[in-house]
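Please have the sequence and the 3D view open as I talk.

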Amino acid sequence: MAFDNFRGRALSPETVANETDASVSQVHRWISSGQIKAAKLGSRMTRVDGDSLADFLTAKLSAPRPPRGKHAKKPNAIAAQV
C-alpha cells in the first residue's frame, strides 16, 4: 500500500501535516473528531498512531468524492411532481 511507511510509527502532528500536505490544524481536527488516533504525552506533545493514520488515508482515498459546485446534480422539479 501507499501508506505502509506510516505503520508502526508514532508521528508528530507537524510530520503528519507535512507528509499528507495538510495543515497542522487539519490534523488536530482529525484527532479531535476521532478519525485518527493519537496519544497526548505531555502538555505540548502529541503523537499520532501511524496505523490509524494509514487506515484513515487509505479509506479516504478509496471513498468516491461527491461532485461539488456547478457539477453537483440539482433536483429536477418535474421529476418531483411525478
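Ala 10 has its bridge partner in strand E3, and that partner is Asp 49. This is a predicted model, so please take what I say as a description of a prediction. The two strands concerned, E1 and E3, run antiparallel and are joined by two bridges, with E3 covering residues 45–49.

Stepping back to the sheet, we find an open one of three strands, in the order E1-E3-E2, with antiparallel pairing. Strand E1, residues 10–11, and strand E2, residues 38–42, stand at the edges with a single partner strand each, and therefore each of them has one side that is left without a neighbour in the sheet.

Now to the helices. Helix H3, residues 50–62, lies across E1 and E3, and its direction makes an angle of about 55 degrees with E3.

Helix H1 spans residues 13–20, and which of its residues are buried? They include Pro 13, Val 16 and Ala 17. Viewed down the axis of H1, the buried residues fall within an arc of 100 degrees, so they line one face of the helix.

Finally, if you follow the chain past H1, you come to Asp 21, which has a positive phi, near 60 degrees.

Methods
Residues are numbered from 1 along each chain as its sequence is written. This is a predicted model: local features need pLDDT of at least 70, side-chain atom pairs count only at pLDDT 80 or more; totals for chains, interfaces and linings use all residues. Side-chain values use heavy atoms; hydrogens and water are left out. Two strands pair if DSSP finds at least two bridges between them. Helices (H or I, at least four residues) and strands (E, at least two) are DSSP runs, numbered from the N terminus. Contact means heavy atoms within 4.5 Å. Axes are lines fitted to C-alpha atoms, for helices over the stretch in contact, and angles run from 0 to 180 degrees between N-to-C directions. Buried means under 20% relative accessible area, exposed over 50%, partly exposed in between (1.4 Å probe, protein chains only). The arc is that of the directions from the helix axis to the C-beta atoms.
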